[in-house]
Amino acid sequence: MGALIVFEGGDGCGKTTQVQLLAERLKKNHQILLMREPGGTDVSEAIREILLNPKLSVKPEAELLLFAASRAQLVRERIIPALKMGLFVICDRFVESTTVYQGIARHMGLQAVEAVNKIALGDLVPTVTFLLNVPCQTSRQRIFLRNGADFGLDRMEREDFSFDGSIQNGYLELAKQHPDRMVVVDGTPDPKVVSDTIWEHLKARGLV
Ligand SMILES: Nc1ncnc2c1ncn2[C@@H]1O[C@H](COP(=O)(O)OP(=O)(O)OP(=O)(O)O)[C@@H](O)[C@H]1O
Ligand SMILES: [Mg+2]
């Protein structure tokens with residue numbers, strides 16, 4: 001079996017940057033599969049367009065189920081086959097995003113979200129989830145630098161909760177509950193430094 005490595009954290013914490021840096025390093029000696037959530041299969045990408053479309057008003061319950069539907073397809077169509085072939089699968093957001101965004105920020109309740117997550121994942125559990133911990137102020141600045149003023153924010157990034165601390169606190173709480181597989185990494189230093197820290201963790205776990 002390969003390994004499923006997940007990057008989580010609030011908007012603009014540096015997930016995609018770290019996914020790319022890790023992929024570059026892993027590619028030298030390993031086969032990898034890169035995934036971003038929601039998305040990664042034709043079905044999941046179609047669902048992604050609905051979820052991130054600022055013109056649509058998606059009810060919280062529908063949002064939870066759409067994320068889960070996207071993931072259920074991705075897990076069975078891409079992730080499990082890749083893991084069986086011994087690949088490193090790297091996910092830009094995964095199940096913890098649903099727990100925090102839908103369970104906590106959208107107040108859907110953790111029990112309901114866990115039940116839905118279970119259907120989407122079956123028996124699959126991420127090997128390690130890196131939580132990039134960055135103050136909300138910093139994330140917000142990074143996004144504005146990346147996108148230019150508030151132009152180009154997607155439907156989720158426009159939400160009041162995006163930068164009020166609830167997402168970050170939710171993630172930190174979740175990491176405390178799963179110390180075996182969730183690793184909190186300081187995301188504030190230079191991207192290369194953050195990437196080195198992540199690499200050392202993977203080495204310490206005997207994964208690379
Ligand atoms: N460690 C860092 N220090 C400074 N800037 C960074 C760092 N990591 C990423 N950035 C910059 O911050 C912005 C957001 O980073 P990135 O897109 O990787 O975050 P993200 O978590 O994937 O965001 P989103 O949730 O919107 O997908 C980018 O412009 C990126 O270049
Ligand atoms: Mg990203």
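A residue counts as buried if 20 or more other C-beta atoms, placed from the backbone, lie within 10 Å of its own, as exposed if 12 or fewer do, and as partly exposed in between. The model is predicted: local features need pLDDT of at least 70, side-chain atom pairs count only at pLDDT 80 or more, and totals for chains, interfaces and linings use all residues. Residues are numbered from 1 along each chain as its sequence is written, and chains are lettered from A and ligands numbered from 1 in the order in which they are written.

Select helix α2, residues 42–52; helices (H or I, at least four residues) and strands (E, at least two) are DSSP runs numbered from the N terminus. Its buried residues are S44, I47 and L51. They lie on the same side of α2, because they cover an arc of only 60° around the axis, taken from the directions from the helix axis to the C-beta atoms. D42 and E49, on the other side of α2, are exposed.

Next, go to P38, in the loop between β2 (32–36) and α2. The peptide bond from E37 to P38 is cis, with omega near -10°.

Proceed to R93, in the loop between β3 (88–92) and α4 (95–105). Phi of R93 is positive, near 80°, and R93 counts as buried because it has 22 C-beta neighbours inside 10 Å.

Then select H107, in the loop between α4 and α5 (110–121). H107 has a positive phi of about 55°, but with 9 C-beta neighbours inside 10 Å it counts as exposed.

Finally, display the shell around ligand 1, to which α1 (15–27), α6 (136–147) and α8 (191–204) each supply at least two residues.
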